[in-house]
Amino acid sequence: MRVSVTKRAFYSLAATAMATVLAGCGSQIADPASAGSTASSGTSCVDTSGSSIKVGFINSLSGTMAISESTVFDSLSLAAEEINASGGVLGKHLEVISEDGASEPTKFAERAGKLIQQDCTAAVFGGWTSSSRKAMLPVFEANDALLFYPVQYEGLESSKNIFYTGATTNQQIIPALDYLAEQGTKSLFLVGSDYVFPRTANKIIQAYAAAKGIEVLGEEYAPLGSTEFSTIVNKVRDSKADAVFNTLNGDSNVAFFRQYKSVGLTADTMPVVSVSIAEEEVPGVGLDNVEGQLTAWDYYQTLDTPANKKFVAAFKSKFGTERVTSDPMEAAYTSLYLWKAMVEKAGSFEVDKVQAAAGGVTFEAPEGLVTVNGENNHITKTPRIGKINAEGLIDTVWSSPAAVEPDPFLATYDWAKDLTK
Amino acid sequence: MKSLLRGRLGTVAGFTLGAVLLLGVAPVLLPAFSLGLLGKFLCFAIVAVGIGLAWGRGGMLTLGQGVFFGLGAYIMAMHMKLADASLFGGSGVPDFMSLYGSGEVPGWWEPFRSPAVTLLAVVLVPGLVALVLGLAIFKRRVKGAYFAILSQALAAAFAVFLIGQQATTGGSNGLNGFRSFFGFDLKDPNNKLMLYMIAAVVLLLSVAIARQLMHSRFGELLVAVRDQEERVRFLGYDPATVKTVIYVAAAVLAGVAGALFVPIVGIISPADVGVIPSIAFLIGVAIGGRGTLLGPVLGAVCVAAAQSSLSSTFPSFWVYFQGLLFVLVIGFMPGGLASLPALLGRRSRTPPDAPDPVAPPDAPDPDVEERATKPEEVSR
């Protein structure tokens, strides 16, 4: 009898539980067209009544990406400090809430949700890897919030909730290829880490090469974090290519360039163009290994513009003279100022008003004047090819005559038609 | 008989309290964002119930639950991607496939278009994989550290495999950007509440099942296998079968948890299924008390909650803190925090080994049982 008592208690409990669950059911998607409108989330909780306004920084401060992303956090902090010192945004002091993405996409998505829903920030700045951006994109779209993403990336994306202040492919990779073609490069070898950015970049390079008569002699991938490059480097050497296009990320560059040097390859015999090595990474990779090699970015610390001199001086005085500034740091610094300019043009912190005001907003950035493209939410940038010098800084050896309009889907390039379908 | 009644009623009372807290109090008190987080922690707790059975009761130090969690999660994610593609895109091809792949859905994705196949697969695929692995491993009498290393290697290999298949698994990006869950709009807060409720009910059910298992003859046998495998074999039982059954149960729980994790959290990536998350599952269980019924659940929820709140304030400090906590618990409190009341209680009473005047030795209820909290020998 006792057994039946407990059993009955259990069943009734289970029934109650199921009833509760079913009672919780919300709307089903009957008509996809109305799905967006029925959603009742996305109502902003941003508090604009006080003397301060909250903004969120989301960077990996732990995990494998911390070494790179903490530099972006530093330059964002510098920008926030400067803006606050000069009166804030619309008269409101910026209150920074910082979250750690811990180098994991899932963590980025969760923390972005917290910054939007719990902290009610007016805008969020950060992210580095493509996977972190892809993880955050649906969060920002679902909550109709704003993310400013400051790193060069593989393109093929455009969201009204993300402003891309780093280079898209036609502001970094294609100019680098143009430069190589101009230098008389007839054959290329592609080396990259095995993830979305290198794979997409190499797809674009293959299409470009096919159209311009450049021969691609090999395409090799190593797992992220891999340090075993003897096989790949031997293939590179045996290919006798005119140049190497390097999309390796992080630690792998150390092993790659060390091996590269040890088999007798140099910047003179077979130059390597890297798109993920900036001033910040040079000491890590080892200056001996990369001196004289080429890089493709839109900003270098050595740029001779008044805005850059001010930026570099301010950064060094805040964080120490041994610190360097790099392209993603500059893009992050610029992103906060661009948001400020958008808000001031809109006269409001509201997301839809900021979005509407964004097109045409300009900022005299360290890399030069940048303008927001209101159609794809990217910005104009000035591509530059650099050469790593003896001090570990990068000298500009070629620069685009004018800022280049962003074209994330490569719609204006005939040879890229098949890439984007 | 009297103690039996008290034990059962006590369990029902505890179960009811848990149900009221999870289904009644939490949804009312917590804001939407925190409730979503709690839902995620409950998924980890479901995995922890399985680890509690396999490791705490069965002595199998499984460092690779991420594999089963990942199988369940990816199966659910594939279904949701395909469903979204038909609902919103019209083409039936998930967005990332046309961007990075051939633009065609690979054949092994197709079965997961069906909701029924998906729900079955979430349970059966992790279960079958664990069955095959379990039989292969335990029949050969592989145990202790060797089993632990093997399970960890599997988790590592699984993550590497997923990263390598950019065009079909999303690679390091994983799968995300889901908009619907079996036709329910994921933006709707009511549907988010429903998902939380489902996770809570699944957790309650798995705790109930684990309790029944622990108190059954089979549960006794499992503990016997853990403590004296050879003697159990001499008694005529096959320890390999006992271990395999519980390994499969733990795998199914992990798979179901993974399938719930995807709609609640909205993303699954190789970083959620590899070696580090597999160890993270274990830490909560160890800290909570692996041999007990509720220790793993509470441990998993508390560790995940602590990580969530502390890691933002002290990003790099958290990892050290977690490691330190793990070392302290393993070194000084092998029974986990669940054994704390018993330890303190014993110290305050007079002689340490005197018969317990409150609970008779045969009382079935106390979740902290002496034999269950005994640390197993990892390698013999």
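**View 1. Chain B has 16 helices and four strands.** Helices (H or I, at least four residues) and strands (E, at least two) are DSSP runs, numbered from the N terminus. This is a predicted model: local features need pLDDT of at least 70, side-chain atom pairs count only at pLDDT 80 or more, and totals for chains, interfaces and linings use all residues. Residues are numbered from 1 along each chain as its sequence is written, while chains are lettered from A and ligands numbered from 1 in the order in which they are written. Of the 380 residues in chain B, 50% are buried. A residue is buried if 20 or more other C-beta atoms, placed from the backbone, lie within 10 Å of its own; it is exposed if 12 or fewer do, and partly exposed in between.

View 2. Two residues are in contact if their C-beta atoms, placed from the backbone, lie within 7 Å. Ala, Val, Leu, Ile, Met, Phe, Trp, Tyr, Cys and Pro count as nonpolar; Asp, Glu, Lys and Arg as charged; the others, Gly among them, as polar.

**View 3. Five strands of chain A form an open sheet.** The order is β2-β1-β3-β4-β5, with parallel pairing. Two strands pair if DSSP finds at least two bridges between them. β2 (93-100) and β5 (162-164) of chain A stand at the edges with a single partner strand each, so one side of each has no neighbour in the sheet. Neighbouring strands are turned by 25° against each other on average, direction ignored.

**View 4. Strand β4 (residues 147-149) of chain A runs parallel to β5(A).** Three bridges join the two strands. A:Phe148 has A:Phe163 in β5(A) as its bridge partner.

**View 5. Helices α3 (residues 66-85) and α13 (residues 327-346) of chain A pack at an angle of about 35°.** Their axes lie 8 Å apart. Axes are lines fitted to C-alpha atoms, for helices over the stretch in contact, and angles run from 0 to 180 degrees between N-to-C directions. The residues that meet include A:Leu76 and A:Ile83 in α3(A), and A:Tyr333 and A:Leu336 in α13(A). This contact has 12 nonpolar, two polar and one charged residues.
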